[in-house]
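Q: I would like to learn how to read a few local features of a protein model, taking each one from the general idea to the actual case. Could we work through them one at a time?

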Amino acid sequence: MRTVTLADGTAVPVLGQGTWQMGRRRFRRRREIAALRLGIDLGMTCIDTAEMYADGGAEEVVSAAIAGQRDRVFVVTKVSAPNASLRQMPAACAASLRRLRTDVIDLYLVHWRGDVPLDETVEALEKLRAEGKIRRWGTSNFDVSDLQELGPGACAANQVLYHPEARGIEYDLLPWCRERGLPVMAYSPLGQAGILLQHGTLAAVAQEYGATPAQVVLAWGLRQPGLISIPKAAHPRHVRANAAALELKLSDDDLRLIDVVLPPPVRKLPLAAL
Ligand code: NAP
């Protein structure tokens, strides 16, 4: 699979798997674990979760999915903003490690910017890194101004909302990150399978390629260099379709057609987030 190379040389597959909404219901657990395992087998070995998802339940689903194959998987989890302090972060990270049943988190993201001063958050993250509990850290829902305040260097990736109906980052954040070699992780890349997937133009484009609108939307996001997309799929049919979307290369004409109906930004927009 095509990869994005992090600053430390680690290659991460451009297509990963999300886990929001997983771990909420016991009766769905086996299906969710099976979906993630199928995705890993298909090369989608970057798995994104968070301490907040299902109050840790999603991390537990991930732990079951990666059992026996931890070394194949790039585990991303997130610390919630109120826990991003020197006092709270060690316990939050320890709890994530316990739920994930692993010794080390590959990428630990600050889920969103809260009230804790950034300097303090960075100090707490660097401490965890020095202790070997996380391999690297990054941010989520950080706009250009937040990243500028963070300064150059240690942030390994920034995870933000990105899909054809939420293109604001194309105006400034995406180019800014690209110039600095900072990978961007696109969350909700399918627009949470809402009305976006009913869009007539996307359906028409999909038909041309014998694909589905979801596959077109994923291929559309993955046209951006330096971008990692993390769709969530609990249905095996969706998992397979997402993996197959990697083969899809949209023509310039089709990209222009999408620009007409779902236009790129022409000015700075506030960073969209869920
Ligand atoms: P998403 O990936 O855009 O959409 C998920 C929905 O799409 C699910 O209902 C899924 O159904 C459906 N789906 C998946 N593949 C499909 C396909 N090929 N065809 C049709 N439908 C398909 O939304 P998301 O879960 O919000 O975002 C992805 C991940 O990003 C999250 O799971 C989470 O890990 C991360 N995230 C991060 C933040 C943040 O603040 N950092 C915020 C939101 C999300 P099934 O599950 O039934 O297969």
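**Reading the features one by one**

Q: How many aromatic pairs does a search of the whole structure find?

A: This is a predicted model, and a search of the whole of it finds two aromatic pairs. In one of them, the rings of W20 and Y53 have centres 6.0 Å apart and planes at 25 degrees; because planes under 30 degrees apart count as stacked, this pair is stacked.

Q: Which parts of the chain does the pair of W20 and Y53 tie together?

A: W20 lies in the loop between β2 (11-13) and α1 (29-41), while Y53 lies in the loop between β3 (46-48) and α2 (57-66), so the pair links parts that are 33 residues apart in sequence.

Q: Is W20 buried, partly exposed or exposed, and which of these is Y53?

A: Residues under 20% relative accessible area count as buried, and those over 50% as exposed. With a relative accessible area of 35%, W20 is therefore partly exposed, whereas Y53, at 8%, is buried.

Q: Where does A54 lie, and what is its phi?

A: A54 lies in the loop between β3 and α2, and has a positive phi of about 50 degrees although it is not a glycine. Its relative accessibility is 29%, so A54 counts as partly exposed. A193 also has a positive phi, of about 55 degrees, without being a glycine; this residue lies in the loop between β8 (184-187) and α7 and, at 51% relative accessibility, counts as exposed.

Q: How many of the ten residues of helix α8 are buried, and what do the buried residues pack against?

A: Nine of the ten residues of α8 (residues 213-222) are buried, so this helix is largely enclosed by the rest of the structure. Among the buried residues are Q215, W220 and G221, and the buried residues of α8 pack against α7 (200-209), β9 (227-229), α9 (236-244) and α10 (252-261).

Notes:
Residues are numbered from 1 along each chain as its sequence is written. This is a predicted model: local features need pLDDT of at least 70, side-chain atom pairs count only at pLDDT 80 or more; totals for chains, interfaces and linings use all residues. Side-chain values use heavy atoms; hydrogens and water are left out. Rings of Phe, Tyr and Trp (its six-membered ring) pair if their centres lie within 6.5 Å; planes under 30 degrees apart count as stacked, over 60 as edge-to-face and the rest as tilted. Helices (H or I, at least four residues) and strands (E, at least two) are DSSP runs, numbered from the N terminus. Buried means under 20% relative accessible area, exposed over 50%, partly exposed in between (1.4 Å probe, protein chains only). Contact means heavy atoms within 4.5 Å.
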